[in-house]
Amino acid sequence: MSRISTLGLLITLLATITCAFPAFGVEAEFVIHISVDGLRSDAVTALGPKHAPNFYRLRTEGVFTDNARTDADETVTLPNHTTQITGRGVAGDNGHNYTMNKTPSPRATLHTNKGAYVSSVFDVVHDNRLSTCLYASKEKFVLYHQSYNEIHGALDSTGEDNGRNKIDAYVFSEETNDLVNSYLIAMKRSPYNYCLIHLRDPDSAGHGHHWDVATGSEYLNAVAKIDRQLGAILQTIDDDPILNRKTTIIVTSDHGGRQDTTTHRPSSDAENYTIPFYVWGSGVAKGADLYKLNENQRADPATARPTYAEPIQPIRNGDAANLALMVLGLGPVPGSTINALQRLNVAPK
Ligand SMILES: [Zn+2]
């Protein structure tokens with residue numbers, strides 16, 4: 001066994017032991033992981049509490065940072081969503097290695113691209129008898145459906161056999177209001193334990209009209225639309241006795257975007273690699289800064305772009321997978337390297 005895989009095994013073992021104990025007091029039955037495509041952190045500040053009351057509710061009732069990072073090398077959509085669901089960076093032996101960003105061929109999977117099975121948050125949740133969903137607003141997210149369906153998903157060797165299809169419901173719609181509404185109908189009927197919801201509007205507005213955070217811009221209007229969708233999700237949680245106090249929300253993004261152009265490249269540009277990361281729910285600290293809660297293990301990178309070699313990492317969108325699993329009382333994604341010890345703290349100190 002190579003040194004790297006021995007280390008990986010040790011990390012997984014340690015994390016499994018860690019998970020036998022309450023995870024910083026934050027536990028939930030349901031995790032809603034929302035990725036807002038192309039969300040600049042400062043868009044929420046520009047809108048302010050009047051025009052983004054629900055983002056501000058997440059800020060005051062939960063924890064957040066406006067200075068999280070994307071993957072260390074890539075600032076495009078599919079690579080960064082793959083990082084969010086696998087807890088791996090894109091490049092290198094430990095990375096998921098998925099760099100394409102187009103709608104994949106019907107035969108493509110993350111595993112054929114990597115040359116090895118690439119586990120995800122969907123695998124761990126589903127193999128532990130819990131339910132999962134993916135509501136996506138871009139067609140290319142079919143990549144995950146193809147990778148984790150009844151043909152290409154891994155055999156379940158954890159406890160009872162829950163099958164190879166790791167995503168119980170895959171729903172695609174470019175209309176995010178329809179997507180969120182159908183998700184909320186499903187949640188009221190029979191809630192999924194873990195769901196990734198992908199909302200495209202800020203990215204579409206950015207590509208059409210720049211990532212412009214001036215008052216009244218198309219881009220800010222798109223972020224305000226997401227705020228209203230967040231409001232609908234929060235209202236459903238407030239009103240539903242099954243979801244209330246048992247649901248954690250994680251909101252992050254795949255990349256930012258530039259105010260002066262219609263792109264989110266190059267990946268070396270701070271406007272592209274700077275993203276927000278919010279966590280809200282029962283047991284989560286109220287109104288706290290995520291870096292202050294994680295003083296000895298994470299470092300606010302200011303304007304820098306740390307590589308994965310830095311001993312103290314920034315908070316990244318790739319933290320989402322293992323944070324979601326920690327909240328659900330489950331161990332980390334096999335093969336993950338970001339937050340693999342599940343030590344990212346979101347509870348009061
Ligand atoms: Zn994107």
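Rings of Phe, Tyr and Trp (its six-membered ring) pair if their centres lie within 6.5 Å; planes under 30 degrees apart count as stacked, over 60 as edge-to-face and the rest as tilted. By that rule, ring pairs link Tyr-117, Phe-122, Tyr-148 and Tyr-194 into a cluster.

This is a predicted model, in which local features need pLDDT of at least 70 and side-chain atom pairs count only at pLDDT 80 or more, while totals for chains, interfaces and linings use all residues. Residues are numbered from 1 along each chain as its sequence is written, and side-chain values use heavy atoms, with hydrogens and water left out.

A search of the whole structure finds eight aromatic pairs. One of them is edge-to-face, because the rings of Tyr-117 and Tyr-148 have centres 6.4 Å apart and planes at 80 degrees. Tyr-117 lies in the loop between helix H5 (110–114) and helix H6 (121–127) and Tyr-148 in the loop between H7 and S4, so the pair ties together parts that are 31 residues apart in sequence. Helices (H or I, at least four residues) and strands (E, at least two) are DSSP runs, numbered from the N terminus. Tyr-117 is partly exposed, with a relative accessible area of 29%, whereas Tyr-148 is buried at 0%. Buried means under 20% relative accessible area, exposed over 50%, and partly exposed in between (1.4 Å probe, protein chains only).

Both Tyr-117 and Tyr-148 are among the residues that Lys-166 touches, not counting residues up to four places away in sequence; contact means heavy atoms within 4.5 Å. Other contacts of Lys-166 include Phe-122, Asp-123 and His-126. Lys-166 sits in the loop between helix H7 (142–147) and strand S4 (169–172) and is buried, at 0% relative accessibility.

The zinc ion is held elsewhere in the description, by Asp-37 (OD), Thr-77 (OG1), Asp-254 (OD) and His-255 (NE2), at 2.0 to 2.1 Å. Donors are N, O and S atoms within 2.8 Å of the metal (3.2 Å for Na, K and Ca); water is not among the atoms, so sites may look incomplete. The four donor atoms subtend angles of 93 to 139 degrees, which makes the arrangement irregular. Four donors count as tetrahedral if all angles lie between 85 and 135 degrees; four count as square planar and six as octahedral if opposite donors are over 155 degrees apart and all others between 65 and 115; anything else is irregular. Asp-37 is buried at 0% relative accessibility, and Thr-77 is buried at 1%.
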